[in-house]
Structures are given as structure tokens and as C-alpha cells.
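Please look at the sequence and the structure below. The report that follows takes a careful walk through some of their features.

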Amino acid sequence: MIRHPQDDAELLALVRRYVTPERRYLKLGGSMLRMQGPECDRFMRDLCEDAGLITAGEIATLFEGGWRERRTAAWLVAVSRRTEYRERLGELLLASEVCCVGLAYSVALVSFGTARDADLLAAYLDRYLCRPDLAYDQTVVMGALQFIDLNLGGDQADRFLGPGGLWQQWLQDASHMQPNTDPNPSFLSLIRRLCAFVDECAEAR
């Protein structure tokens with residue numbers, strides 16, 4: 001069951017502490033890549049500070065909330081390199097209980113960058129590329145899996161992208177997609193840039 005801040009004093013306190021200051025939850029993702037100068041420096045500094053301060057219990061509580069709380073928690077996990085949350089991130093990604101957070105889960109897993117993280121992303125694609133009726137995070141996760149493959153020299157994405165693979169079948173059957181959609185340029189680039197931001201934050205810490 002998803003916890004809601006308006007009904008949960010503990011979660012509300014964490015939302016006010018980590019999620020809503022300067023509308024952080026909205027900036028975590030592609031929009032923060034457009035920040036420049038002092039705004040970007042302040043955002044990164046505050047994110048790094050909170051990534052170091054937030055406790056395991058607080059992260060667990062945020063992961064029980066809605067998309068705003070989960071997105072923020074995933075980014076704090078990524079920046080603080082808390083790999084102990086790998087399996088939890090994989091579970092949350094696969095369950096897809098809430099919208100607007102798949103990118104954050106994917107970035108966190110890619111920032112860990114191991115073969116196990118690739119497995120978790122592949123498990124998502126195995127499930128959701130078989131669901132052309134669902135416009136979830138298939139494109140983002142594919143970009144994330146490609147990025148890990150590039151770094152590890154792996155080939156997990158190939159089995160989805162090859163002729164007759166699940167990717168082409170999903171594109172063909174998903175009414176919201178264009179048949180010639182290539183995950184490579186846009187989503188791979190987005191993942192690469194967001195992971196560079198995470199790396200910069202991790203180094204700053």
C-alpha cells in the first residue's frame with residue numbers, strides 16, 4: 001500500500017525535509033541538465049548534502065510513498081552510491097506501481113553499473129515489452145541497459161533489439177510509438193548525461 005503524506009505525519013516530515021524544498025522532486029531528471037551557474041552549483045551541493053545525511057530508515061519510508069517521494073529517494077541513493085538498495089530498486093522498477101519514477105530507478109541502477117544491475121533492467125524489459133498497451137518506461141530502461149552494456153562490454157540489450165526481438169515487436173504493436181523509434185540517440189544520451197551528473201555529485205561528496 002502506498003503511503004500518502006497528507007495522512008502520514010512521518011512521511012510528511014520527510015517530504016518537507018528532502019522532497020519539496022525548491023521543488024526538488026520536479027528538477028530531478030532531465031530538467032536539472034538545463035541548470036547553469038550558481039543555480040546548478042547550489043542544487044548539486046544540497047543534493048550531495050542530503051544524500052549523506054538521509055538515513056536508511058528515511059530512505060525506506062520515502063520508497064513507500066508516491067512518485068515524488070520515490071523519485072527523490074532513488075536519486076539520493078544514486079548520489080550516495082548505496083548499492084544495498086539495488087534489489088529494492090529492481091523490485092520497484094518491475095512493480096511500476098507509480099508513474100514518473102522509472103527514469104530515477106534506471107539512473108540509480110546504471111550508476112551502480114554491475115552485471116546484476118543489467119539483469120534487473122533486462123527483467124523489466126522482459127515483462128513490459130510484452131505489454132504494448134502500457135506506455136511505461138520501456139524506452140528509458142532500454143537506454144539504461146544499452147549504457148551498462150557499453151560500459152561492461154555486455155550484450156544484454158542485443159537480444160531485445162535484434163531482428164524479431166521484443167523491441168521491434170513492441171514498437172509494432174504499441175499504438176503510442178512510431179515503428180522507426182530508435183532508443184539509441186535520445187534515451188541513451190539522456191542516461192549518459194544523468195549518470196555524469198551523478199558521478200559529479202559522488203565525486204563532490
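## Arg116 and Glu87

Arg116 has a relative accessible area of 36% and is therefore partly exposed, a class that lies between buried (under 20% relative accessible area) and exposed (over 50%), as found with a 1.4 Å probe and protein chains only. Glu87 is likewise partly exposed, with a relative accessible area of 36%. The side chains of these two residues, Arg116 and Glu87, meet in a salt bridge with an N to O distance of 2.9 Å, where a salt bridge is a side-chain nitrogen of Lys or Arg within 4 Å of a carboxyl oxygen of Asp or Glu. The pair links distant parts of the chain, since Arg116 belongs to helix H8 (residues 115–128) and Glu87 to helix H6 (residues 86–95), 29 residues apart. Helices here are DSSP runs (H or I) of at least four residues, numbered from the N terminus.

This is a predicted model, in which local features need pLDDT of at least 70 and side-chain atom pairs count only at pLDDT 80 or more, while totals for chains, interfaces and linings use all residues. Residues are numbered from 1 along each chain as its sequence is written, and side-chain values use heavy atoms, with hydrogens and water left out.

## Other salt bridges

Side chains of opposite charge can pair when their charged atoms come close. A search of the whole structure finds 13 salt bridges, among them one between Asp50 and Arg17, whose closest N and O atoms are 2.9 Å apart. Because Asp50 lies in helix H3 (residues 37–53) and Arg17 in helix H1 (residues 9–19), this pair ties together parts that are 33 residues apart in sequence. Asp50 counts as buried, at 6% relative accessibility, whereas Arg17, at 35%, counts as partly exposed.

Glu22 and Arg42 also meet through their side chains in a salt bridge, at 3.7 Å from N to O. Glu22 lies in the loop between H1 and helix H2 (24–27) and Arg42 in helix H3, so this pair ties together parts that are 20 residues apart in sequence. Arg42 is partly exposed, with a relative accessible area of 32%. A network of salt bridges links Arg3, Asp8, Glu10 and Glu64.

## Helix H5 and what follows

Helix H5 (residues 67–79) has 13 residues and reaches 18 Å from its first C-alpha to its last, which is close to the 18 Å expected at 1.5 Å a residue; the expected span is 1.5 Å times one less than the number of residues. H5 is mostly covered, with 12 of its 13 residues buried, and these include Trp67, Glu69, Arg70 and Trp75.

After H5 comes Arg81, whose phi is positive, near 55°. The C-alpha atom of Ser80 is separated by 9.5 Å from that of Glu49, although the two residues are 31 residues apart along the chain. Glu49 lies in helix H3 and counts as partly exposed, at 46% relative accessibility.

## How H7 and H9 pack

Which angle do helix H7 and helix H9 make where they pack? Helix H7 (residues 102–112) and helix H9 (residues 138–152) pack at about 5°, with their axes 9 Å apart, and they are therefore roughly parallel to each other, a term for angles under 35 degrees. The contact (heavy atoms within 4.5 Å) is made by residues including Leu103 and Ser106 of H7 and Phe147 and Ile148 of H9. The residues of this contact divide into eight nonpolar, one polar and no charged.

Methods
Axes fitted to C-alpha atoms, helices over the stretch in contact; angles between N-to-C directions. Helix = DSSP H or I, 4+ residues; strand = E, 2+ residues; numbered from the N terminus. Parallel < 35°, antiparallel > 145°, perpendicular 65-115°, else oblique. Nonpolar A, V, L, I, M, F, W, Y, C, P; charged D, E, K, R; others polar.
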